[in-house]
Amino acid sequence: MLKLDIRKLDNEGQMFTGKVQVDALELEITDPSVDLSFGDEVEYSLHVSSVSEGVLVAGSVSVDVNAECGRCLCKYTFKLELNDICHFSEEVKENDLDVSDDIREDILIALPSKLLCNEHCKGLCTNCGKNLNNDPCDCDNNTGDDFDKEVNPWGALDDLNV
Ligand SMILES: [Zn+2]
Ligand SMILES: [Zn+2]
């Protein structure tokens, strides 16, 4: 769990920074169709302040995500960064403010649905299956351009500038 000790919280609020194990946060992907896994730790930098009738938690968290590119199928890791965390908790009776559920949900919602190792990834040749990011293949009918047009609506215009 990610608990913040707010016993010493005063009017100025308090900053909490650190790392929490992904396991301790019970952060896991439950949807079997999503092929992602998390790194070991979630880094957090959260400011807790007293407001009327509760406390406000605001700040940022980040975690490494291991994914597979939807085009070239390579494995890659990216850092998921959330910089606009903001949660309000009503009257906290305990000494610790448990933000586990909020942070876990924030991270799961922020996961991208489209996974690309890089937005210009050329993918695999549909003919020979070669990874076109390394080298063009010998098939003349597939240069990977189709993929670029798919992500870039102006890709067709680039061709006119030749
Ligand atoms: Zn790729
Ligand atoms: Zn090919």
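**The main core**

The largest nonpolar core comprises 19 residues, and those with the most contacts inside it are L2, V42, Y44, V48, V57, V61 and I103. By nonpolar core I mean a set of buried Ala, Val, Leu, Ile, Met, Phe, Trp, Tyr and Cys residues joined through C-beta atoms within 7 Å. Buried means 20 or more other C-beta atoms within 10 Å of a residue's own, against 12 or fewer for exposed and in between for partly exposed, with C-beta atoms placed from the backbone. At least two core residues come from each of strand 3 (36–51), strand 4 (54–68) and helix 1 (100–110); strand 4 gives the most, with six residues. Helices (H or I, at least four residues) and strands (E, at least two) are DSSP runs, numbered from the N terminus.

Keep in mind that this is a predicted model, where local features need pLDDT of at least 70, side-chain atom pairs count only at pLDDT 80 or more, and totals for chains, interfaces and linings use all residues. Residues are numbered from 1 along each chain as its sequence is written, while chains are lettered from A and ligands numbered from 1 in the order in which they are written.

Now zoom in on V61: leaving out residues up to four places away in sequence, V61 touches V42, E43, Y44, L82, I85, I103 and I107 (contact: C-beta atoms, placed from the backbone, within 7 Å). The C-alpha atoms of I85 and I107 are 9.7 Å apart.

How values were computed. Two residues are in contact if their C-beta atoms, placed from the backbone, lie within 7 Å.
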